[in-house]
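User: Please go through chain B of this model with me, starting with its order of elements.

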Amino acid sequence: MLAYRHGDAGAFETLYVRHKGPLYRFVLRSVKVRALAEELYQEIWMRVIEARGRYSVQAKFTTWLYTIAHHRITDHWRKRGLQLVEADDADPPAPRAYEPEPRAEGRQGLQRLAAALAALPELQREAFLLHEESGMTLAEIAAATGATEAAAKSRLRYALAKLREAMGDG
Amino acid sequence: MAEKDRDEKVSAGYRALGSEEPPRALDEAILARARERPTRWRVPLTRWRVPLSIAAVLVLAVGVTLRMLPQRPEAESVALAPQVIQTPRPAAPVPAAETAKPAAPAASRELARAAAPAAPAAPTAAAAPTAAAADAAVAGAVAEPRMRAEGAAKLSVAPLTPEAWLARIAELRKQGRTREADESLAEFRKRYPDYKIPESPR
């Protein structure tokens, strides 16, 4: 990013190619509507381009990129009148004991996983997607989302527990 | 990331959901924008540097002028007030000479004395208040300290309040000095266009 800041457009292309897929899926699975996801995705990159003059190495580029993405998506939810709140106060569900009925496998399991992912509260889904798509650590997720590390950890655990359960592996 | 925060099965399931990529057109639009930015930014900054500097200086000048404005009405009100009408017009022909040397009060005083006789019938009460106002405005900062030095008692520099001014006009009328009263009232109206004037001074 520093190279791009100093006028090397090729450096931006390298960054873009590296991050485009994960960021696109992060946005798409956050907002769930492809046209909207494309619009937000483009806006996020525009912000990166416009902010390049202010970029300084205070965090990994990935963290900075997803911080911008987090803010843009949060703005989107706010414009739609949605407020992001922690959805679970209790502990995440404990792994269930062995159940005799056969677990669903294959396509059906994936469909349930997709449905469970879509049904996750936004903050939990965000933590999960950041973890899966960008490979961010809890500390990085916390930094990108403006949360504490404990909150990021809690969100991720809830998300994983629900997804595990949806896959019939709880 | 602690091991318990990972779930390989969930991760594998998630990856199996698909790996969508942005449309090619979107990639191209973003990359094109990224490429054009560096040159676009430099040109306007260079091109606008001089106009922006000029604009900043103008804004500063207007700001300073606006800050000085409250002083002018005081000078005008002093000049237009009835007490002032009765005082000599001290420096009518020499404002340029005086303003050129604001730091030389002694020289200004001399110039003012030399010029005083040339002022046409200045000491009379009928002297035009607008002329006095013009003098006061032009002589500005130079005239005031000089007047103070030559005798503050002769010239009351305290600005009149509207009420006091109207009272003064009424007094002029009582004394039969109708023309002065009318002129003073006209100046009063210019000075306080929104002031509701009671019947008596008219």
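User: In what order do the elements of chain B run from the N terminus on?
Analyst: This is a predicted model, where local features need pLDDT of at least 70, side-chain atom pairs count only at pLDDT 80 or more, and totals for chains, interfaces and linings use all residues. Residues are numbered from 1 along each chain as its sequence is written, while chains are lettered from A and ligands numbered from 1 in the order in which they are written. Helices (H or I, at least four residues) and strands (E, at least two) are DSSP runs, numbered from the N terminus. Chain B has nine helices and zero strands, and its order is α-α-α-α-α-α-α-α-α.

User: Which element of chain B gives the most residues to the side that touches chain A?
Analyst: Contact requires C-beta atoms, placed from the backbone, within 7 Å; by this criterion 25 residues of chain B meet 31 residues of chain A. Two elements of chain B give two or more residues to that side, helix 1 (8-16) and helix 2 (24-68). The one that gives the most, with 10 residues, is helix 2 of chain B.

User: Which residues of helix 1 of chain B are buried, and how wide an arc do they cover?
Analyst: A residue is buried if 20 or more other C-beta atoms lie within 10 Å of its own, exposed if 12 or fewer, and partly exposed in between, with C-beta atoms placed from the backbone. In helix 1 of chain B the buried residues are Val10(B), Gly13(B) and Tyr14(B). They share one side of helix 1 of chain B because their arc, taken from the directions from the helix axis to the C-beta atoms, is only 100°.

User: What span should helix 9 of chain B have?
Analyst: Helix 9 of chain B comprises 14 residues, 178-191. The expected span is 1.5 Å times one less than the number of residues.

User: Within what arc do the buried residues of helix 9 of chain B fall?
Analyst: Glu180(B), Ala181(B), Glu183(B), Ser184(B), Glu187(B) and Phe188(B) are buried there. They line one face of helix 9 of chain B, since seen down the axis they fall within an arc of 165°.

Key: Contact = placed C-beta atoms within 7 Å.
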